[in-house]
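Good morning, colleagues. Please look at the structure as I proceed.

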Amino acid sequence: GGPLVAGLILLLILEVAFIIERLWSLKKAQGTGSMPEFLNNVRKKLRAQDVDGAIQLCSQQRGSAANVIRAGLERYQQARAEGSPREKIVSATQAAIQEANGLEVPLLERNLIGLSTIASIGTMVGLLGTTIGMIRAFAALGHTGAVDATKLAIGISEALVNTAGGLFVAILGIVMYNVFVTRVDNFSYMMDEASYEALQLLSSAASGPRK
C-alpha cells in the first residue's frame with residue numbers, strides 16, 4: 001500500500017481511541033440509573049421543598065445533569081442560610097447553574113473536533129496515496145520497451161489500498177462524529193430543561209418555609 005498506509009493506520013488508531021473515550025465519557029455523564037426517573041424524583045423532592053433530599057439524589061446519580069442541578073441547589077441553600085432576599089436567592093441559584101453547565105458542556109464535547117479533523121485528514125491522505133500509486137502505475141507504462149507488469153500492479157494496488165483506507169477512516173469518523181454530536185445536543189437540551197424546571201421550583205419555594 002505504500003508509505004502513506006502507515007499514516008492511515010495511525011489515524012485509524014487515534015480515531016478508535018477518540019471513539020472509545022467519547023463512549024465512556026458520555027456513559028459516565030449519564031450517571032447511574034434511569035435519567036427520567038432521576039429527574040422525576042428530584043422534581044418530587046423540590047415540590048415537597050425537600051432540598052436536602054434532592055441534593056442527596058444528585059450525589060447518588062453522579063451524572064452531568066445531576067452535577068448542574070446539585071450546584072444550583074447548594075447555592076440556593078447557602079443563599080437562604082444567609083437570609084438573602086428572594087431575588088438574590090434566585091439570581092445566585094441561576095448563576096450557579098449556568099456556571100456548572102458551562103463546566104459540564106465542554107466535557108461532553110471534548111475530542112469531537114479531533115474526530116472531525118481525523119475524518120477530513122483521512123480523506124486527504126487516502127487521496128494523496130491514490131495519486132502517488134497512480135503516478136507509479138503510469139511511470140511503469142511510460143518506460144520504453146516491454147511494460148513492467150509488476151511495477152504497474154504495485155502502483156494500482158497502492159492507489160486502491162490508499163483509497164479504501166482513506167474512505168474507511170473518513171466514513172467511520174463522520175458517522176461517529178454525527179452520532180456523538182446528536183447525543184451531546186440531546187443531553188445538553190435535557191440538562192437545560194431539568195435546570196430550568198429546578199430553578200422555577202426553587203423560585204417558588206424561595207419565599208416559603210425553610211427545609
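Let me begin with a definition: a crossing is called right-handed if the near helix is turned clockwise from the far one by less than a right angle, and left-handed if anticlockwise. In this predicted model, the crossing of helix 4 and helix 5 is right-handed.

Two packed helices are described by the angle between their axes and the distance between the axes. For helix 4, residues 64–81, and helix 5, the angle is about 155° and the axes are 8 Å apart. Angles over 145 degrees count as roughly antiparallel, and the two helices are therefore roughly antiparallel to each other.

Which residues of helix 4 meet helix 5? They are S64, N67, V68, A71, G72, R75, Y76, A79 and R80. Their partners in helix 5 include I89, A96, N101 and L108. By class, this contact has 10 nonpolar, 5 polar and 4 charged residues.

I turn now to N101, which lies in helix 5, residues 86–109. Is N101 buried or exposed? Its relative accessible area is 18%; the limit for buried is under 20%, so N101 counts as buried. Beyond its neighbours within four places in sequence, N101 is in contact with V68, P106, M191 and D192.

Finally, F38 belongs to helix 2, residues 35–47. F38 is buried as well, with a relative accessible area of 5%. Setting aside residues up to four places away in sequence, F38 touches L57, C58, Q61, A66 and I69. F38 and G83 are 45 residues apart in sequence, and their C-alpha atoms are 30 Å apart in space.

How values were computed
Residues numbered from 1 in each chain as written. Predicted model: local features only at pLDDT ≥ 70, side-chain atom pairs only at ≥ 80, totals over all residues. Heavy atoms only, no water. Helix = DSSP H or I, 4+ residues; strand = E, 2+ residues; numbered from the N terminus. Buried < 20%, exposed > 50% of the residue type's maximum accessible area, 1.4 Å probe, protein only. Contact = heavy atoms within 4.5 Å. Axes fitted to C-alpha atoms, helices over the stretch in contact; angles between N-to-C directions. Parallel < 35°, antiparallel > 145°, perpendicular 65-115°, else oblique. Nonpolar A, V, L, I, M, F, W, Y, C, P; charged D, E, K, R; others polar.
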